Amino acid sequence: MDHTEALLVEFDPIEITYEDLVLEWSRMHYPRGKTKCQYRSAVWYLNEEQREIAEHVVEGMKIYMGRHSTSPSVVRAIQEEEEFSSVEEATRFFRAEEYHQNFTNKQRF
């Protein structure tokens with residue numbers, strides 16, 4: 001069964017907007033072009049307004065990275081119009097197994 005590793009973010013729209021969350025994601029995230037399904041780049045939405053926001057932010061990422069990326073796979077993906085970061089309607093979220101939870105905190109660095 002295909003799956004994508006993802007985070008479920010619950011937020012109070014009075015405290016922070018969906019747009020602010022997606023913009024912050026875009027600042028921290030670096031799409032890698034074609035990759036395995038579980039590592040692909042994606043953002044999910046719950047309604048039409050969120051879809052429009054996510055598509056706008058992803059398009060902005062694509063333009064910025066097309067101008068500034070040094071990664072050949074990202075530049076090629078943009079030039080060949082491959083999927084960059086998908087924008088998808090949210091479906092049921094499945095929590096990963098316990099050994100995946102707080103993964104970074106469980107590592108000894």
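Modeller: Gladly! Residues are numbered from 1 along each chain as its sequence is written, and side-chain values use heavy atoms, with hydrogens and water left out.

Colleague: How many helices and strands does the protein chain have?

Modeller: The protein chain has four helices and two strands. Along the sequence they follow the pattern α-β-α-α-β-α.

Colleague: And how should I read the confidence values?

Modeller: pLDDT is the predictor's confidence in each residue, from 0 to 100. Where pLDDT is low, the predicted coordinates should not be read in detail. Here the mean pLDDT of the protein chain is 80, and 74% of its residues reach 70 or more.

Colleague: Which elements have the lowest and the highest mean pLDDT?

Modeller: Helix α3 (residues 72-79) has the lowest mean pLDDT, 68, while α1 has the highest, 92.

Colleague: Now salt bridges, please. What is the general idea?

Modeller: Side chains of opposite charge can pair when their charged atoms come close. The criterion is a side-chain nitrogen of Lys or Arg within 4 Å of a carboxyl oxygen of Asp or Glu. Searching the whole structure gives three salt bridges. One of them pairs Arg27 with Glu24, with 3.2 Å from N to O.

Colleague: Why are Arg27 and Glu24 separated by about one helical turn?

Modeller: An α-helix has 3.6 residues a turn, so residues three or four places apart point the same way. Arg27 and Glu24 are about one helical turn apart because they sit three residues apart in helix α1 (residues 18-28).

Colleague: Are those two side chains buried or exposed?

Modeller: The cut-offs are under 20% relative accessible area for buried, over 50% for exposed, and partly exposed in between (1.4 Å probe, protein chains only). Arg27, at 59%, counts as exposed, and Glu24, at 37%, counts as partly exposed.

Colleague: Where does Arg51 find its partners?

Modeller: Arg51 forms a salt bridge with Glu48 at 2.2 Å, N to O, and another with Glu55 at 2.5 Å, N to O. Arg51 and Glu48 lie three residues apart in helix α2 (residues 48-68), about one turn of the helix. Glu55 and Arg51 are four residues apart in α2, so about one helical turn separates them too. Through shared partners, these salt bridges join Glu48, Arg51 and Glu55 into one network. Glu48 is partly exposed at 44% relative accessibility, and Glu55 is partly exposed at 37%.

Colleague: What makes up the largest nonpolar core?

Modeller: In soluble globular proteins, nonpolar side chains tend to be buried together. A nonpolar core is a set of buried Ala, Val, Leu, Ile, Met, Phe, Trp, Tyr and Cys residues joined through side-chain atoms within 4.5 Å. The largest one here has ten residues: Tyr18, Val22, Trp25, Val43, Tyr45, Ile53, Ala54, Val57, Val58 and Met61. The elements giving two or more residues to this core are α1, β1 (42-45) and α2, and α2 gives the most, with five.

Colleague: Which residues does Tyr18 contact?

Modeller: Contact means heavy atoms within 4.5 Å. Leaving aside neighbours within four places in sequence, Tyr18 is in contact with Phe11, Val43, Trp44, Tyr45, Gln50, Ile53 and Ala54.

Colleague: And what about the chain as a whole?

Modeller: Buried residues make up 28% of the 109 residues in the protein chain. Among contacts between residues at least 6 apart in sequence, 74% join residues at least 24 apart.
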